[in-house]
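Work through the exercises below with the model open. Each task is followed by a stepwise solution.

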Amino acid sequence: MRESIRRIQALMYKEFCQIVRDKSTVLIGIVLPLVLITLVASGMSLDVTDVPIAVVLEDSSPLARDAVSFLEGSAYFEPRYVTSMQEAEQLMSAQQADGIVCIPSDFSSRVARGNARLQVILNGVNTTTATTVRGYLTAGLQGWMQSYGQRTGVSGTAGSISVVGRQWFNDANSSTYLFVPGLIVIVMTLVGVFLTALVMAREWERGTLESLFVTPMRPMELLISKLVPYFLVASAGFVLCVLLAVFGYQLPFHGSCLALAICSAEYIIVSVCLGLTISSIVKKQFLACQLALFVSLLPTVMFSGFVFDLHSVPAAIRVVGHLLPATYYMEFVKTIFLAGNNWFLLARNGTILAAYALFFLALSLRLAQKRLS
């Protein structure tokens with residue numbers, strides 16, 4: 001029994017020494033859980049706050065302004081007053097407003113008669129946010145009407161404001177319209193990163209890349225030989241995803257096929273080059289898999305606007321989200337599927353993705369030169 005305990009102690013000591021020498025074990029067992037819990041706890045929020053709302057006051061009376069005064073100083077809204085419905089629609093199309101509140105010109109007279117009406121238009125790309133915002137707006141307006149009735153002594157006014165609601169870009173109010181475009185982004189991220197990260201790491205483990213060192217191969221030639229085949233494979237997967245979304249799930253497509261193809265090619269290059277970068281940093285498949293999940297899946301799901309509205313997360317997490325190329329591709333895909341050709345938004349996001357593609361292409365080439373030199 002004593003000898004058995006001594007052997008167990010010796011083996012445990014050996015394992016602890018190996019853990020200390022293998023930095024990846026400490027990284028996965030201690031550092032990674034701390035990072036994950038910090039990011040998830042900070043970035044996960046089902047609350048809807050700081051929603052940009054365009055307010056159109058066709059009735060400029062003090063009563064009309066008082067009716068929307070609950071938007072001021074609220075943690076839920078960021079009101080932006082505009083002079084016309086056309087200007088409000090432009091803000092909505094440019095993704096600078098998630099909703100429009102329009103006070104009609106006869107609002108004051110209708111309040112006196114107890115049958116006031118106003119229009120609320122919401123961005124239906126995110127159905128959960130749109131439903132929540134409409135509930136907030138309705139509750140705020142009904143609360144004001146009740147307060148107005150108490151102040152003026154007019155009875156029966158509570159609940160007399162009718163909200164005429166419309167939902168843009170998602171008339172069917174279907175969550176499929178929200179999740180399917182986001183799933184395309186996630187699939188392209190995982191496929192692009194894993195295709196190159198794991199395959200290259202496997203070649204490092206098997207030593208097949210080392211046999212290339214004695215050949216006159218150049219780093220750029222190696223990079224192109226790895227990039228092009230996996231780019232074509234990922235592109236084929238993208239085409240199948242789009243076809244399934246449109247014909248299998250009846251996802252509407254209102255934009256340009258050419259614009260979608262160009263921007264998606266840019267994002268696939270970003271994903272594939274990110275995988276090449278990972279495989280140049282770590283040469284083991286297990287570590288490459290863990291690192292690929294950490295830098296691709298988690299940020300794309302949590303911080304790109306796929307599940308949680310970026311307006312509702314803390315400012316620091318919002319900054320992290322806007323550093324990710326997936327955020328811009330997510331906005332691009334949702335816009336081109338559901339809203340159509342908003343050329344300013346599409347051109348801006350496409351340019352940003354092109355810059356990311358050039359950056360990761362240069363980074364992967366740089367790391368490949370260091371590894372092969």
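**Exercise 1: H7 against H9**

Task: describe how helix H7 (residues 176-206) packs on H9 by axis distance and crossing angle.

Solution. The axes of H7 and H9 come within 7 Å and cross at roughly 30°. Axes are lines fitted to C-alpha atoms, for helices over the stretch in contact, with angles from 0 to 180 degrees between N-to-C directions. The angle therefore makes H7 roughly parallel to H9; angles under 35 degrees count as roughly parallel, over 145 as roughly antiparallel, 65 to 115 as roughly perpendicular and the rest as oblique. The crossing of H7 past H9 is right-handed (near helix turned clockwise from the far one by less than a right angle; anticlockwise is left-handed). Helices are DSSP runs of H or I, at least four residues, numbered from the N terminus.

Next, the contact (heavy atoms within 4.5 Å). H7 contributes residues including Val185, Met188, Gly192 and Trp204. H9 answers with residues including Tyr267, Leu274 and Ile278. By class, this contact of H7 with H9 has 13 nonpolar, six polar and no charged residues. Ala, Val, Leu, Ile, Met, Phe, Trp, Tyr, Cys and Pro count as nonpolar, Asp, Glu, Lys and Arg as charged, and the others, Gly among them, as polar.

The model is predicted: local features need pLDDT of at least 70, side-chain atom pairs pLDDT 80 or more, while totals for chains, interfaces and linings use all residues. Residues are numbered from 1 along each chain as its sequence is written, and side-chain values use heavy atoms, without hydrogens and water.

**Exercise 2: H7 against H12**

Task: at what angle do the axes of H7 and H12 cross?

Solution. They cross at roughly 135° and come within 9 Å. H7 is therefore oblique to H12. H7 passes H12 in a right-handed crossing. Among the H7 residues in contact are Tyr177, Pro181 and Val185; among those of H12 are Tyr329, Lys334 and Phe337. The contact of H7 with H12 divides into 11 nonpolar, one polar and one charged.

**Exercise 3: H9 against H10**

Task: which residues of H9 meet H10?

Solution. Tyr267, Leu274 and Ile278 do, against Ala288, Leu291, Ala292, Val295 and Thr300 of H10. The axes come within 9 Å and cross at roughly 145°. This crossing is right-handed as well.

**Exercise 4: the second largest pocket**

Task: which helix gives the largest share of the lining of the second largest pocket?

Solution. H10 does, with eight residues. H9 (257-281), H10 (285-303) and H12 (325-339) each supply at least two. The pocket holds about 350 Å³. Of its 20 lining residues, Leu274, Val295, Ser296, Pro299 and Leu324 are closest to the centre. The lining has 16 nonpolar, four polar and no charged residues. A pocket is an open set of points on a 1 Å grid where a 1.4 Å probe fits, with protein on both sides within 12 Å along at least five of seven lines; lining residues have an atom within 4 Å of a point.

Technical notes. Grid points are joined across faces, edges and corners, and a volume is the space filled by probe spheres set on the points.
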